[in-house]
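Visitor: I have a model to go through. Please take me from the terms to the values.

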Amino acid sequence: MPQIVVEQLVKTYQIAERTPGLWGAVRGVVRRRHRAVRALDGVSFAIERGELVGYIGPNGAGKSTTVKALSGILVPDSGRCEVAGRVPWRQRVAHVAEIGVVFGQRTQLWWDLPVIESFELLRDIYRVAPAPYARRRDQMIELLALAPLLDVPVRQLSLGQRMRCDLAAALLHAPEILFLDEPTIGLDAVSKLAVRDFVKQLNRDDGVTVILTTHDMDDIEALCTRVMVIAGGKILSDGPLEALRARVTRERWLTIDLVDAGAAIDDPHATEIRRDGHRVCLAFDPQVVAPAELIRRITGRHAIRDLFVENPPIETIVARLYAAHGEAAGGAA
Amino acid sequence: MTGALRPYRAIVSARFRMLLQYRAAAIAGLWTQLVFGLALIMIYQALYRSSPAAVQPMAFAQLASYVWLGQALLAMLPWNVDADVRDMVRSGAIAYELARPVDLYGLWYSRAVAQRTAPTVLRAAPMVVFAGVVLPLLGAADWRLAPPPSLAAGAGFVTALAAALALSCAISVLINISLIWTLGSDGIVVLFTTAVALLSGLMVPLPLFPGWAQAALGWLPFAGVFDLPFRIYAGDLAAGDLAIVLARQLGWTVALIALGRWLLGRGIRRVVVQGG
C-alpha cells in the first residue's frame with residue numbers, strides 16, 4: 001500500500017475579475033465577474049514510503065495546490081487523497097503533526113526570536129517530549145552546521161542560513177513525510193549544495209519520504225529518481241528522469257571547438273543550434289546518425305581542438321514539454 | 001489538560017517575551033498618554049466646576065481615577081490589529097499557520113493574549129506611579145489616581161479586569177479575522193479604533209453619556225473591557241454588582257469567541273487560495 005495516494009483530485013478557484021479602468025472599478029463594486037481556474041484537473045499519483053519525488057511544472061501549474069491539499073491546508077472539490085491512511089483536510093491537526101513542510105519563499109521561524117527559541121516553541125507546538133527533542137535537535141545542528149546560528153535572531157540570517165534553520169525546524173518532530181516547496185529558491189551555489197546533500201541524506205538514512213517542488217532542474221538531477229511534471233492542472237509525465245528525457249526527445253548535442261571560428265558546418269544530419277566564437281553546438285538524432293559517424297565526418301572536414309557529446313540539459317527537455325503542452329491546450333481551446 | 005494547552009501557553013509566552021522588547025514604543029506611548037490623561041482631566045474639571053453637583057453622575061475623584069485607569073491600560077483595549085497576522089494574510093503565509101498541529105482560532109487567541117498583556121505590563125506601572133504618586137507630590141492631589149475605596153472594590157476590579165482581558169482578546173481576534181476579507185487593509189480597522197475608543201469609555205467615561213445612550217452602551221461588549229471594571233474600582237458600582245458585571249463580560253466573551261470561530265472557518269477557505 002503506497003504511503004501517499006492521490007486519485008482524480010480536482011480543485012477550482014474562483015478568481016474575481018475586474019474590468020480595467022475607473023468604470024470597471026465602479027462596476028466591480030456592484031457586480032463582480034468570476035472566472036473559474038481549474039488548478040487541479042484530475043491529478044492522480046501514488047508514492048511509496050521512502051521515495052524522493054521531484055514535482056515540477058510552470059508557474060501556476062498546480063504544484064503548490066497539490067502540496068497544500070496533501071498537507072491538509074486546502075480542501076479539494078473532488079477526488080480522493082490519503083496520506084499514511086489519513087485524509088489530510090479532514091484530520092488536519094492530527095495530520096500536520098506527522099508531516100514536515102518547508103515553503104522556500106516563507107519562513108516558519110519567528111522573525112524576532114533567536115533560532116533556538118523558535119525550535120523550542122516548535123517543540124511545544126508539536127508536543128515533542130524532552131529526550132527525543134534534544135536528540136533530534138542535536139542531530140539537526142550537526143547535520144546542518146547550525147551551532148553558530150542558534151542565538152541569532154532569524155531576521156539577521158542570510159537566506160541560505162535561514163533555509164538550513166527552516167529545514168531543521170520542519171524536522172524537529174521527526175516526520176515521516178517532508179514536503180519541500182522550492183527549498184533552493186534564491187540560494188547561492190554553496191547553500192544549494194548544502195540543502196541538496198541534507199535532503200539526500202535524510203531520505204537515504206532516515207527513510208523520510210520527500211516531495212520536492214522546484215524550478216531548479218539541478219535539484220531534480222541531483223536528488224530525484226522520479227519526476228512528476230504538472231501543467232494546467234494535469235500530470236503530463238511521471239517516471240524516472242531518463243524516461244522523461246526519452247519521451248520528449250532523442251536529441252543529443254555535439255559541441256565542438258573549431259580552429260577556424262568562421263568555418264560553416266554543413267552536415268545533413270546535424271543542426272547548428274548555437275555558436276559562440278570558436279565553439280559550435282550541433283543537435284542530432286543518434287538513431288539517424290551514430291555519434292561516431294557524425295564526429296568522423298566533421299573532423300574529416302574541419303580542424304578541431306576539442307569536442308564532446310552530451311544530453312540536452314533537463315531545462316530544455318522540460319521547456320519543450322511545457323511548450324508542447326501549451327500548444328496542445330491552445331489548440332483544444 | 002496541561003498537555004493540551006502546552007502549545008498555546010508556549011505561543012503566549014514567546015509572543016509576550018517578544019513584545020516586551022518594544023520598550024521604545026512603550027515610552028513614546030507613555031508620554032502621549034500622560035498628556036492625553038492630563039488634558040482629559042482638565043476638561044472634565046472645568047465641566048464639573050461649571051455644572052451643579054446634583055447632575056454630576058459620579059464624583060470628580062472617581063472620574064479622575066477612571067480616566068487614569070483608561071490611560072494606564074490603553075494597550076489592553078482591542079483597538080489595533082496584530083501586525084504579524086496582517087502580514088500573513090497579505091503574503092499568504094497564513095497557510096503556514098494551518099500547517100501547525102494546533103487549532104487556528106486558539107493560536108490567534110493566544111497571540112491576542114500576548115498582544116494585550118505585554119504592552120500593558122510595560123505601560124501600566126509607570127502610569128500608575130505618575131498618576132497615583134507623582135501627581136499628589138506635585139500638589140495636584142485632586143487629579144490623582146486614588147486607591148480603590150475598599151478591599152472588596154480592589155479585588156472586584158482585579159477579577160473584572162481578568163474577564164475584561166478575555167473579552168478584549170475575543171474582540172481583538174475578530175478584528176484580525178476581518179483582515180481576511182479586507183486583505184490586510186486597515187480601513188475598517190481605523191473606523192473600529194475610533195468606535196472602540198468612544199464606546200469603551202476611554203474618551204468619555206460612559207456614566208457621562210446621556211441616559212438613553214448609556215442604556216445602549218451598557219449592553220454593547222465594549223463597556224465590559226474598560227467601563228465596568230473601572231467603575232468597580234472607583235466605587236461607582238458596588239462590589240456586589242460584580243456578579244452581574246462578570247456575567248455580562250463572560251457572556252459576550254463566549255458569544256464573540258463562537259462568532260470568531262465561525263468566521264475564521266469561513267474566511268480561511270478564501271485566504272488559502274492567495275498565492276496559489
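Guide: Start with a term: two strands count as paired if DSSP finds at least two bridges between them. This is a predicted model. In it, Thr255(A) has Cys281(A), in strand 12 of chain A, as its bridge partner.

Visitor: How do you know that strand 10 and strand 12 of chain A pair?

Guide: Strand 10 (residues 252–258) and strand 12 (residues 279–284) of chain A share six bridges. The cut-off is at least two, so the two strands pair. The sense is antiparallel.

Visitor: What is the strand order in the open sheet of chain A?

Guide: The four strands run 11-12-10-13, with antiparallel pairing.

Visitor: Why is one side of strand 11 and of strand 13 of chain A left without a neighbour in the sheet?

Guide: Strand 11 (270–276) and strand 13 (304–310) of chain A each have a single partner strand, so they stand at the edges. On average, neighbouring strands of this sheet are turned by 20 degrees against each other, direction ignored.

Visitor: What are the confidence values?

Guide: The model scores ipTM 0.81 and pTM 0.83. Chain B has a mean pLDDT of 89, and 96% of its residues reach 70 or more.

How values were computed:
Residues numbered from 1 in each chain as written. Chains lettered and ligands numbered in written order. Predicted model: local features only at pLDDT ≥ 70, side-chain atom pairs only at ≥ 80, totals over all residues. Axes fitted to C-alpha atoms, helices over the stretch in contact; angles between N-to-C directions. pLDDT = per-residue confidence, 0-100.
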